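Please keep the sequence and the model at hand while reading.

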Amino acid sequence: MSIAFPSIPAFGLGTFRLKDQVVIDSVRNALELGYRHIDTAQIYGNEAEVGQAIADSGVPRGDLFLTTKIWTEHLGGDRLVASLQESLRKLRTDHVDLTLIHWPSPGNAVPVAEFMGALAQAQAQGLTRRIGVSNFNTALLREAIAAVGAPAIATHQIELHPYLQNRQVVDFARSQGIHTTSYMTLAYGRVLHDPVVQAIAQECSATAAQVALAWAMQLGYAVIPSSTQRANLQSNLRAAGLRLTDAQMQRIAALDRGERLVNPEGLAPAWD
């Protein structure tokens, strides 16, 4: 008997590059403002601080959707489960709601079938409610699907913003019933200065950040923007209530220029 879990919340808090007291403050402020989806990763080096902020918040664990990601050195079938158990210890919880493979194994050192199988084992053991992948291309998604089946893959988290709309891999994922999570939705802040986005923001009496985030959510993606400023955290949250017109959506669609900002050598796959 399969267990149905709540779908991935459309809006969450990212914690990439946030460390020590900075990440504690960011998570604390976000939880106070009403965020309930927190995204972290083993390689961020902040799981313990995220866990501390959650524990200190007093928000019931059952009200939270917590995501972490397995780093490449832990992808081996004999290492993945133990690494996730260590993440749970740091996060002060007995399970996460979603565990992603952060990047495919460099040079295919660990086959996709092996690490997806290990991830499915972690799910079977109750360590994670859902499983998924991140930074895959279409070919790797096909391998992941062959390993565990498309219905098992809760989301594919990829760089996706107005300047890199990643339509080929998104369309393939959608054809398989796989949800997409957008990271870097504001393109390191570059989108905030875009004249088209700024014009739409003015039309909507909104901020440029709210427009970009609303655009992604309106396309069906989850978004996980990060901020160290409480005012920005609060402002970003309002994007969930913003609805763009079809014409405005089309103007943002026209901004795509294949501008990839995250492409680490030796780690990134051959992108579609």
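## Basis of the description

Two strands are said to pair if DSSP finds at least two bridges between them; helices (H or I, at least four residues) and strands (E, at least two) are DSSP runs, numbered from the N terminus. The model is predicted, and local features need pLDDT of at least 70, side-chain atom pairs count only at pLDDT 80 or more, while totals for chains, interfaces and linings use all residues. Residues are numbered from 1 along each chain as its sequence is written, and side-chain values use heavy atoms, with hydrogens and water left out.

## Strand β7 and its partners

Strand β7 (residues 179-183) pairs with strand β6 (residues 153-159) in the parallel sense over five bridges, with Q157 standing opposite T181 in β7. Strand β8 (residues 222-223) also runs parallel to β7, joined to it by two bridges, and here S182 stands opposite V223 in β8.

Together with helix α6 (residues 167-175), β6 and β7 make a right-handed β-α-β unit, right-handed meaning that, with the strands pointing away from the viewer, the path from the first strand over the helix to the second runs clockwise. Because four of its five residues are buried, β7 is largely enclosed by the rest of the structure; buried means under 20% relative accessible area (1.4 Å probe, protein chains only).

## The largest pocket

A pocket is here an open set of points on a 1 Å grid over the protein atoms alone, where a 1.4 Å probe fits, with protein on both sides within 12 Å along at least five of seven lines, and lining residues have an atom within 4 Å of a point. The largest pocket has a volume of about 670 Å³, the volume being the space filled by probe spheres set on the points. Its lining comprises 31 residues, of which F16, M184, Y188, I224 and S226 lie nearest the centre. Both β7 and α9 (230-237) supply at least two lining residues each, and α9 gives the most, with three residues.

## Helix α2

In helix α2 (residues 47-57), the residues E47, E49, V50, G51, A53 and I54 are buried, and their cover includes α1 (20-33), β2 (37-39), β3 (65-70) and α3 (80-91). Just after α2, G58 takes a positive phi of about 80°.

## Residue E259

E259 lies in the segment after α10 (246-253) and counts as buried because its relative accessibility is 19%. Its side chain makes a polar contact (a pair of N or O atoms within 3.5 Å, one able to donate a hydrogen and the other to accept it) with the side chain of R257, at 2.7 Å. Not counting residues up to four places away in sequence, E259 touches E159, H161, Y163, L164 and R190, contact meaning heavy atoms within 4.5 Å.

Technical notes. Buried < 20%, exposed > 50% of the residue type's maximum accessible area, 1.4 Å probe, protein only.
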